[in-house]
Amino acid sequence: HLPGDVMEELTGAQLIAESLKTQNVEYMFGIVGVPIIEVAMAAQAAGIKYVGMRNEQAACYAASAVGYLTGRPGACLVVSGPGLIHALGGMANANMNCWPVIVIGGSSDRNQETAGAFQEFPQAVRASMYGRPGACYIDIAGDMVNAKVDRSQIRVVSCCPDPPVSLADHGAVAEAVSVLKTAKRPLVIIGKGAAYSRAETALREFVETSGLPFLPTPMGKGVLPDDHPHCVAAARSRLALLQADVILLLGARLNWILHFGLPPRFDPNVKIIQVDLCAEEMGNNVRPAVALLGDINAVVTQTLALQSTVPMNYYTVFHHVSQLLPHDCIIISEGANTMDIGRTMLNNYLPRHRLDAGTFGTMGVGLGFAIAAATLERSNGEKGRRIVCVEGDSAFGFSGMEVETMCRYNLPVVIIVVNNNGIYSGVDPETWREMAKMGDLTSIAPPVTLLPEARYDEVMAAFGGKGYLVRTVEELRSALELSLTDWQRPSLLNVLIDPSSDRKQQEFPWLTRSNL
Ligand code: ADP
Ligand code: MG
């Protein structure tokens, strides 16, 4: 020290407390005794909240729950011997749950004294959070608690950053997507690893744009709400597990909670796509068809990026349309898949705001209904409610010429043609050209097909309305946003989707009452 320097002395207890605080450890649960009373007091002085408990086991449960809920470990403070032994139950539980926690135990005095041991805090924080989270133990020698050290002697180690996020192998993600696409009875299982990785936003997008049903494990509940339309109700979970042919396992283990992934609760031939950040977990009890090693949130986002490429499917289109439609719009809908899937995905909130093919199942009613609704809105004065007409391409064809009527009267109807090149399904332009080369199309073209990529948008444009050709999510969103603000004239979005896009098992027909 230079003469005149003021020494700032710290005790070991203060140093422990400050180290924890530097690591963003905000909560400490424990039971004090010699030699760690001073540690608890110093923790409070450093701004850490200390909760005195009645048994170390409960203290450790509490600290590990903080770890699960916040992603940073809670601290558990115990005395040596019985204190630590009681805490062991909590440590084992935290390890099995993959929850980060740091247990600090005070033990007997040592003969020699160093400050270096406090380096162990950042290490313990890292070990508890990185890789598969779990419990860590730090043993504090009794004499270190009250030993003094000059602050200038301390090497401050900065806060350990949150764990690096790892992505799964790109090829494996592509394989997983193709396995999912061929599934007849797919199921997503959401575990507490998905909760821990905060995957809720990506997961919702994934489930809604893919149309897949999901089943939460006990602690996976709430990552997506239990009353979500794709949630397989508890009463049906047995069947969902048993009959699924492909299962996407997101942060859950095939242990007793999931009946080990084995018969009689599971199909012996079920293909598991396993997503976990712990490599050792892969293949426990069931060998996965595809193993995706990485963070759930990151892997789900990767999967989304792959499957939401062009062409879109019905679920992707309706997911985005439903996000943009005003609450009070009048929805007119007709078509086969378009009307069926639209009924489950486009919500109504008000009476008499939905008109569709009706009792007689009539196709071609949509544009007439829309003209009626728009005429009524106009006679009610100012802008009024939006009239949105969601049409299959075949259904649109029955009365498509009525767009001229809409243009003639400047009725600002928004028409969305969900165009799959046919009735129920169609073919892509390339296949169509191949077929045309092979012979007379009237002999070989499947009767369900319509002209691939027909430009219905240009029909609207021909009369002065606004036509949009839409292939991507971005184009869909921007065209719909523009149409919904245009009150001068009608718009038509010609949304080209995958011609083989079909209705997914999203109504879970294999899980209906009659099968129970
Ligand atoms: P549940 O009880 O809901 O079935 P488990 O505890 O059995 O869940 O499984 C959770 C799995 O999640 C563990 O295998 C763990 O390695 C994994 N996990 C934890 N956090 C993440 C994460 N961020 N990303 C991927 N997997 C994770
Ligand atoms: Mg589990």
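**A walk through the predicted model**

Threonine 485 sits in helix α20, which covers residues 473-485; helices here are DSSP runs of H or I with at least four residues, strands are runs of E with at least two, and both are numbered from the N terminus. This is a predicted model, where local features need pLDDT of at least 70 and side-chain atom pairs count only at pLDDT 80 or more, while totals for chains, interfaces and linings use all residues. Residues are numbered from 1 along each chain as its sequence is written, with chains lettered from A and ligands numbered from 1 in the order in which they are written.

Threonine 485 is exposed, as 9 other C-beta atoms lie within 10 Å. The cut-offs use C-beta atoms placed from the backbone: 20 or more others within 10 Å make a residue buried, 12 or fewer make it exposed, and anything in between is partly exposed. Asparagine 97 is 388 residues away from threonine 485 in sequence, and their C-alpha atoms are 50 Å apart. Methionine 96, in helix α4 (residues 82-97), is exposed too, with 12 other C-beta atoms within 10 Å. Between methionine 96 and glycine 366, the C-alpha separation is 57 Å, for 270 residues along the chain.

Helix α1 (residues 12-22) is another story. Nine of its 11 residues are buried, so α1 is largely enclosed by the rest of the structure. Among the buried ones are Leu15, Ile16 and Leu20, but also Gln14 and Glu18. After α1 comes asparagine 24, in the loop between α1 and β2. With 15 C-beta neighbours inside 10 Å, asparagine 24 counts as partly exposed. Glutamate 453 also has a positive phi, near 55°, and is located in the loop between α18 (441-444) and α19 (456-462).

Then there are the cis peptide bonds. One runs from valine 34 to proline 35, with omega near 10°, and proline 35 falls in the loop between β2 (27-30) and α2 (37-45). Another links proline 263 to proline 264, with omega near 5°; here the loop is the one between β10 (246-250) and β11 (271-276). Most residues other than glycine have a negative phi, and most peptide bonds are trans.

The largest nonpolar core has 92 residues, of which Val39, Cys76 and Val103 touch the most other members. Such a core is a set of buried Ala, Val, Leu, Ile, Met, Phe, Trp, Tyr and Cys residues joined through C-beta atoms within 7 Å. Helix α3 (residues 56-70) supplies the largest share of this core, seven residues. Leaving aside residues up to four places away in sequence, cysteine 76 touches residues including Phe29, Ala59, Val101 and Ile104, where contact takes C-beta atoms, placed from the backbone, within 7 Å. A separate core of 49 residues includes Leu367, Ala373, Tyr456 and Ala479.

Finally, ligand 1 has 22 residues around it, with Gly191, Gly193, Ser197, Ala252 and Arg253 coming nearest; a residue is near a molecule if its C-beta atom, placed from the backbone, lies within 6 Å of it. Helix α8 (residues 192-196) gives the most to this shell, three residues. By class, the shell has eight nonpolar, eight polar and six charged residues, counting Ala, Val, Leu, Ile, Met, Phe, Trp, Tyr, Cys and Pro as nonpolar, Asp, Glu, Lys and Arg as charged, and the others, Gly among them, as polar.

Technical notes: Two residues are in contact if their C-beta atoms, placed from the backbone, lie within 7 Å.
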